[in-house]
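Reader: I'm new to this structure and would like to learn how to read it. Could you take me through it step by step?

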Amino acid sequence: MKPSSFNIVWKLSLISFVLAAFTGFLYRYGMLYPMPAWLNFANIRHAHSHLMFFNWISPPIIVWFVKSLHQHGSPLPERSTSWCLYTMLFLGFLSFPFFLLYGYHSVSIGSLSLPLAAIISGLVMITWYWFAWIYYKHKKTSDGLVSFSLFDAGLVALMISSLGAWGVSVFQFTDIDSPMISSAMTHFFLSVFTEGWAVLGILGMMWHHAEKKKNDIRLSFNPGWLWLPVLFGSMLIFPFSLSQSLVTPVMYISAKLGLILIVISLSLNLWLFIRSGAFRGFIWRSVLVLLAFKIVFQLLAILPTGIWPGEHGLRVLYLHLLLLGFVSFVLFEMFLSESKKYAKALFAVTVFGVLVSLLFISGYWPLKWSPPDTYFWVMVLAFLPVVSSFWLLAESMKPKLRNV
Ligand code: HEM
């Protein structure tokens with residue numbers, strides 16, 4: 001892939017991040033101040049989360065591995081890969097106004113009434129299949145590297161996650177009226193996408209970093225332990241996102257088993273990362289701490305602590321710790337060169353501010369220890385990553401990005 005295409009994909013992804021982050025701030029603003037009647041919270045949340053998922057998570061992970069495959073002597077076809085990624089990003093942007101204005105509701109066009117945002121989301125998923133087809137058809141070698149094993153497993157998770165999303169659409173056309181099944185399929189998509197695709201793709205990038213540093217990362221066990229339990233676990237844990245009253249004992253036990261698998265595998269990854277000594281500096285250390293927090297959170301959900309990860313406040317805190325913290329830190333650290341270290345450090349500080357503010361409203365923080373006007377400060381802190389990511393965007397517009 002040409003360096004110019006690589007840079008364009010990164011910049012478009014970063015623009016998506018800034019726009020989606022601003023939408024997240026808008027949600028917090030709307031909780032305190034009046035907003036236009038045509039905006040509602042559910043739609044703002046959809047616009048925010050879909051743009052983050054479609055354009056911030058997937059294209060940068062994919063483009064990173066496309067470039068590193070090129071460097072391992074197995075280039076993917078330049079034109080079709082670039083077109084696939086540009087179409088993916090274009091459709092991600094296109095979905096944004098439709099989610100913001102209509103959410104999943106149908107829009108009248110002449111005599112037709114169509115759920116446009118859902119249709120565009122379906123097209124985005126087709127671009128994922130398009131990429132997977134190009135990848136499996138043309139990939140020749142990856143030299144048995146752990147980084148590529150994790151990316152491959154992540155890609156499988158992406159394909160599997162999409163089945164949940166298709167399931168929701170198909171289900172709408174059946175006579176069965178069960179919010180439980182529809183919600184289960186939505187959460188199946190969300191868990192396999194985040195815990196499977198996003199986590200494995202990002203761990204793959206971290207392994208790539210460690211392999212490049214050629215640090216001591218010899219494995220004394222089968223490398224499958226680094227990804228297989230995460231892949232299977234991500235498919236089992238969705239019941240934890242449902243309302244506790246809906247979950248049957250069998251679902252509960254399989255979800256716990258899924259968490260156990262994930263915790264074992266992530267702990268192994270974390271231990272090897274620490275031992276490799278390849279992750280130095282403020283951002284990398286923060287990444288390791290965030291990964292440790294993620295493991296502890298999931299461990300607490302396994303133990304009989306009474307913590308239910310699907311509770312709204314806790315869920316929002318956990319998702320942002322994982323996606324805004326762990327995943328986004330790795331993306332910025334991998335894509336932006338050393339010279340951007342102050343902008344990256346500021347971004348990290350603003351993200352920690354958001355995470356602390358989400359802890360205050362998680363439902364698990366004593367009210368007496370919260371600052372007065374908590375929601376006002378939550379809103380102010382939500383604006384800060386918009387500013388810091390805008391600075392990173394401005395920095396990214398300058399040459400040159402870190403070499404893969
Ligand atoms: C940049 C700073 C960010 C801000 C200020 C922000 C803000 C918000 C807000 C206000 C909500 C709604 C919370 C609620 O329903 O109570 C939300 C939900 C969500 N955000 Fe973010 N967010 C940010 C970054 C991200 C990132 C980077 C991702 C993913 C890559 C993400 C994914 C999500 C998801 C999936 C939800 C829906 C959670 C649910 O299931 O209800 N956010 N965010």
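Author: Gladly, and let's start with handedness: a crossing is left-handed if the near helix is turned anticlockwise from the far one by less than a right angle, and right-handed if clockwise. Helices (H or I, at least four residues) are DSSP runs, numbered from the N terminus. In this predicted model, the crossing of helix 9 and helix 10 is left-handed.

Reader: What should I know about the model before going on?

Author: As it is predicted, local features need pLDDT of at least 70, side-chain atom pairs count only at pLDDT 80 or more, and totals for chains, interfaces and linings use all residues. Residues are numbered from 1 along each chain as its sequence is written, and side-chain values use heavy atoms, with hydrogens and water left out.

Reader: At what angle do the axes of helix 9 and helix 10 cross?

Author: Axes are lines fitted to C-alpha atoms, for helices over the stretch in contact, and angles run from 0 to 180 degrees between N-to-C directions. Angles under 35 degrees count as roughly parallel, over 145 as roughly antiparallel, 65 to 115 as roughly perpendicular and the rest as oblique. Helix 9 (residues 282-302) and helix 10 (residues 312-335) have axes that come within 10 Å and cross at roughly 150°. Helix 9 is therefore roughly antiparallel to helix 10.

Reader: Which residues of helix 9 and helix 10 meet?

Author: Contact means heavy atoms within 4.5 Å. On the helix 9 side they include Trp284, Leu290 and Phe297, while helix 10 brings residues including Leu314, Phe326 and Met334. To sort them, Ala, Val, Leu, Ile, Met, Phe, Trp, Tyr, Cys and Pro count as nonpolar, Asp, Glu, Lys and Arg as charged, and the others, Gly among them, as polar. This contact of helix 9 with helix 10 has 15 nonpolar, 3 polar and 2 charged residues.

Reader: Are helix 6 and helix 10 parallel or antiparallel?

Author: Helix 6 (residues 179-213) packs against helix 10 at about 30°, with the axes 10 Å apart. The two are therefore roughly parallel to each other, and their crossing is left-handed. Among the residues that meet are His187 and Glu195 in helix 6, and Arg315 and Tyr318 in helix 10. The contact of helix 6 with helix 10 divides into 17 nonpolar, 4 polar and 2 charged residues.

Reader: How far apart are the axes of helix 11 and helix 12?

Author: The axes of helix 11 (residues 341-360) and helix 12 are 9 Å apart, at an angle of about 160°. That makes helix 11 roughly antiparallel to helix 12. Their crossing is left-handed.

Reader: How many residues surround the ligand?

Author: A residue is near a molecule if one of its heavy atoms lies within 4 Å of it. Here 20 residues surround the ligand, and the closest are Arg45, His48, His312, Arg315 and His320. Helix 10 gives the largest share of the shell, 7 residues. By class, the shell has 11 nonpolar, 6 polar and 3 charged residues.

Reader: Which polar side-chain atom of arginine 45 or histidine 312 lies how far from a ligand oxygen?

Author: A polar contact is a pair of N or O atoms within 3.5 Å; within protein, one must be able to donate a hydrogen and the other to accept it, and residues adjacent in sequence count only if both atoms are side-chain atoms. Arginine 45 has a polar side-chain atom 2.8 Å from an oxygen atom of the ligand. Histidine 312 places a polar side-chain atom 2.8 Å from a ligand oxygen atom.
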